[in-house]
Every structure is written in structure tokens, then in C-alpha cells.
Amino acid sequence: MPGDAAGEPAAAAPLGVARERTGHPAVDARLARLAEVDALPADGHPEVYEDVHRGLRDELTSLDAHPAPRPHDNRS
């Protein structure tokens with residue numbers, strides 16, 4: 001509902017968006033932080049979104065830093 005007649009903004013309300021687990025604990029922890037925006041006014045959302053985005057980007061970058069060994073990379 002919009003704000004009252006005095007021009008007050010509407011109170012924060014949960015969006016009710018379900019977040020499914022990915023099976024990757026670090027990613028799930030980052031995504032769980034998105035629930036914080038349900039209790040924040042809209043001007044507080046960007047900080048959370050940017051932090052989650054930064055964390056997810058770091059998780060992806062870490063995959064490149066530690067590539068899994070391939071069958072032909074075994075050198076003795």
C-alpha cells in the first residue's frame with residue numbers, strides 16, 4: 001500500500017520470493033543475505049545487493065584460481 005495521506009512512504013514488506021539452495025554453502029550464504037532487504041527501506045537495498053553481487057563474483061573468481069586437475073595434467 002502506498003504511504004498515508006501525509007506523504008509518508010509505505011513500510012518495508014517482504015516480497016515473498018523463494019530462494020532455493022544451490023548446494024554450494026558459500027553461494028547459499030551469499031544468497032541468504034538477500035532476505036535482509038525485506039526489512040530495509042528501498043534506499044538500503046543497493047548496499048545489500050552490491051555486497052551479495054561482490055561475494056558471488058568472488059566465488060566465481062575463486063573457481064578460476066583453483067582449477068580442477070585434468071586427466072592429462074598428472075606430471076611426475
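Q: What share of the contacts between residues at least 6 apart in sequence joins residues at least 24 apart?
A: In this predicted model, 35% of the contacts in the chain between residues at least 6 apart in sequence join residues at least 24 apart.

Q: What makes up the secondary structure of the chain, and how much of the chain is buried or exposed?
A: The secondary structure comes to two helices and zero strands. Buried residues make up 8% of the 76 residues, and the chain exposes about 6,600 Å², of which carbon and sulfur atoms supply 57%.

Q: Why are α1 and α2 called roughly antiparallel?
A: The axes of α1 and α2 come within 9 Å and cross at roughly 170°. Angles over 145 degrees count as roughly antiparallel, and α1 and α2 are therefore described in that way.

Q: Which residues make the contact between α1 and α2, and what classes do they belong to?
A: Helix α1 contributes Ala26, Val27, Arg30 and Leu31, while α2 contributes Val52, Gly55, Leu56 and Glu59. By class, the contact of α1 with α2 has five nonpolar, one polar and two charged residues.

Q: Why is the pair Arg21 and Asp28 called a salt bridge?
A: The closest N and O atoms of Arg21 and Asp28 are 3.7 Å apart, and the cut-off for a side-chain nitrogen of Lys or Arg and a carboxyl oxygen of Asp or Glu is within 4 Å, so the pair of Arg21 and Asp28 counts as a salt bridge. By this rule the count comes to four salt bridges.

Q: How do you know whether Arg21 and Asp28 are buried or exposed?
A: Arg21 has 71% relative accessibility, and because the cut-off for exposed is over 50%, Arg21 counts as exposed. Asp28 has a relative accessible area of 8%, and because buried means under 20%, Asp28 counts as buried.

Q: Where does Asp28 lie, and which residues is Asp28 in contact with, leaving aside its neighbours within four places in sequence?
A: Asp28 lies in helix α1. With those neighbours left aside, Asp28 is in contact with Glu20, Arg21, Thr22 and Gly23.

Q: What makes Arg33 a salt-bridge partner of Glu36 and of Asp51?
A: For Arg33 and Glu36, the closest N and O atoms are 3.1 Å apart, and for Arg33 and Asp51 the N to O distance is 2.3 Å. Both values are within the 4 Å cut-off, so each pair is called a salt bridge.

Q: Why can the pair of Asp51 and Arg33 be said to tie together parts of the chain?
A: Asp51 lies in helix α2 (residues 45-65), whereas Arg33 lies in the loop between α1 (25-32) and α2, so the pair ties together parts that are 18 residues apart in sequence. Salt bridges that share partners also join Arg33, Glu36, Asp51 and Arg54 into one network.

Q: Why are Arg33, Glu36 and Asp51 called partly exposed?
A: The relative accessible area is 23% for Arg33, 38% for Glu36 and 25% for Asp51.

Q: Where is Ala32, and what makes Ala32 partly exposed?
A: The place of Ala32 is in helix α1. The C-alpha atoms of Ala32 and Glu20, twelve residues apart along the chain, are separated by 9.4 Å.

Methods. Residues numbered from 1 in each chain as written. Predicted model: local features only at pLDDT ≥ 70, side-chain atom pairs only at ≥ 80, totals over all residues. Heavy atoms only, no water. Buried < 20%, exposed > 50% of the residue type's maximum accessible area, 1.4 Å probe, protein only. Axes fitted to C-alpha atoms, helices over the stretch in contact; angles between N-to-C directions. Parallel < 35°, antiparallel > 145°, perpendicular 65-115°, else oblique. Contact = heavy atoms within 4.5 Å. Nonpolar A, V, L, I, M, F, W, Y, C, P; charged D, E, K, R; others polar. Areas by Shrake-Rupley, 256 points an atom, 1.4 Å probe, with all protein chains shown as cover.
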